[in-house]
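Please work through the exercises below with the sequence and the structure at hand. Each task is followed by a solution in steps.

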Amino acid sequence: MTEVGMRRSSLSTMAFTSVLLFICSIYSCYAQAPLLMWTSDGSNMPHLAQPTAGQTVSGGQLASYLKSALSIAPHNVLLFLQDKLSMEDFTMYGGVFGNKQDSAFLNVESALQTSSSPLVLPSLDWSASHSILELLQGELGIPAVHIDPSTLKEIKLNTAQPSLLAVHLPYTAGDRTKELLLKNDAIIGEVLDMFKSQDVPYTAVYTGLKPSRVIEDTPVMAEHSVGRSLLQAPSESPVKPPLVVNSAEGKPCILLWADTLLATYSGIQVDLARSIFNGSANVTGSVCNNTLSRLVLNYQNVLNLRSLRLIFSMRKIFFPVSARDWSVVEQVVLEYDGQRAIFNASRGIYSPAEYSFHCQNVSSAQSPLLVPRSATDNATQWTLSFTDFQIQGFNVTGENFSYASDCAGFFTPGIWMGLLTSLLMVFILTYGLHMIMQIRTMDRFDDPKGPAISVPQSE
């Protein structure tokens, strides 16, 4: 090989080594595991300075922490080594948001609270966490005893000599993470209770061999920047689909949705919407065509009535003024035990035929859109109140509503208040400008050395 070739090979080797070191340095910057250290109740540990925010504790700094702590703390050391552990585990599954009952670290949190001066290292370099067992063995001068959680009851402690017990805890990412962390916390509680029952003071250390969540899982050179983000909120239950009534051809022709359909009769109130959006609604008697749609909801044994039918009668009407078809809910009828209660709804429940009608509150009491047909009608004995009400009886193209025409008027009370207030302010500003323009300045001035100015009264 020529000298030039050797130089090129050397340069390529150096470049590869530099890239490898760069990748390793990036990994070491982000691969961090937390460390918790505390003592038993009644034992002391020197107050150690906490690292600054964002500082990663190296192996040398960890050795200094352990040496200072064990100079006073008990030399019966418990080391809980978990396969993987990150601060995000405490954030997601701990009681940091005040939800203590749902925490997966109840025993660890209780031990930290009872300790005189616990030490918390949020960012411990992963290589330091790997060497913590060797550091403790060197500091205590004894070998570690690896114990199995199933044999805890068989262990007898000797308080005359220092001891180092290592407990290995598993970790599994995924849906069973919290369940496994709860089991690990229970094991930690059993070990601590064993030392407490035998009245042995101890120093406990809880850390992980590797981080469970490493930020380098997102590519370093990816276009999306890595930053802080909120934890995902629990997903809410999906909204139930609307009630669908099919035509004789099997196609949807009427859609209905309501958060509540409250009906009150003889002082008793019931929500008729509870049993119609779960697929068990009885719509026998419903009909629909190009000009008329009639939705019938059948109920049994409600409001102390043997049978009850809630009927929405809709009609498509052409209005020459707007030159278009409109869908009008003419009546809402209650048929019960051979009687009828009829509410007129044509004055307020209408929309273009291509749209659905939506209103947050359809009521027969306050700002009524449902009006009894007459003063002597049975409807005066009923009170209806529909919330988040939406209905469509024509031009239904599927199981989803068309664009909703809302019942809210254009000039709401808030808009009227704003307009009147603005007009009042404009009037005050205009009057003030007019008064300022009427002010006359002096055009004659008195000279103290000359004769006095005489101003006639006529001016």
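The model is predicted, so local features need pLDDT of at least 70 and side-chain atom pairs count only at pLDDT 80 or more, while totals for chains, interfaces and linings use all residues. Residues are numbered from 1 along each chain as its sequence is written, and side-chain values use heavy atoms, with hydrogens and water left out.

**Exercise 1.** Determine how helices α4 and α7 are oriented to each other.

Step 1. Helix α4 covers residues 106-114 and helix α7 residues 177-197; helices (H or I, at least four residues) and strands (E, at least two) are DSSP runs, numbered from the N terminus.

Step 2. The two helices pack at an angle of about 45°, and their axes are 7 Å apart. Axes are lines fitted to C-alpha atoms, for helices over the stretch in contact, and angles run from 0 to 180 degrees between N-to-C directions.

Step 3. α4 and α7 are therefore oblique to each other; angles under 35 degrees count as roughly parallel, over 145 as roughly antiparallel, 65 to 115 as roughly perpendicular and the rest as oblique.

**Exercise 2.** Identify the strands that pair with β19 in the antiparallel sense, given that pairing requires at least two DSSP bridges between two strands.

Step 1. Strand β8 (residues 252-257) pairs with β19 (residues 382-392) over three bridges, and I391 is the bridge partner of L256.

Step 2. Strand β9 (residues 260-265) pairs with β19 over six bridges; here F386 stands opposite L261.

Step 3. Strand β17 (residues 356-363) also pairs with β19 over six bridges, with S385 as the bridge partner of S363.

**Exercise 3.** Describe the surroundings of S286.

Step 1. S286 belongs to the loop between β10 (268-271) and β11 (287-288).

Step 2. The side chain of S286 reaches the backbone oxygen of V283 at 2.9 Å. A polar atom of that side chain also lies 2.9 Å from the backbone nitrogen of V296.

Step 3. Apart from neighbours within four places in sequence, S286 is in contact (heavy atoms within 4.5 Å) with V245, R294, L295 and V296.

**Exercise 4.** Examine the positive phi values of D199 and N304.

Step 1. D199, in the loop between α7 and β6 (203-210), has a phi near 55° and is not a glycine.

Step 2. N304, in the loop between β12 (292-302) and β13 (305-319), has a phi of about 60° and is likewise not a glycine.

Step 3. D199 is exposed, with a relative accessible area of 65%, and N304 is exposed at 70%. Buried means under 20% relative accessible area, exposed over 50%, and partly exposed in between (1.4 Å probe, protein chains only).

Methods: Polar contact = N/O pair within 3.5 Å; in protein donor to acceptor, adjacent residues only side chain to side chain.
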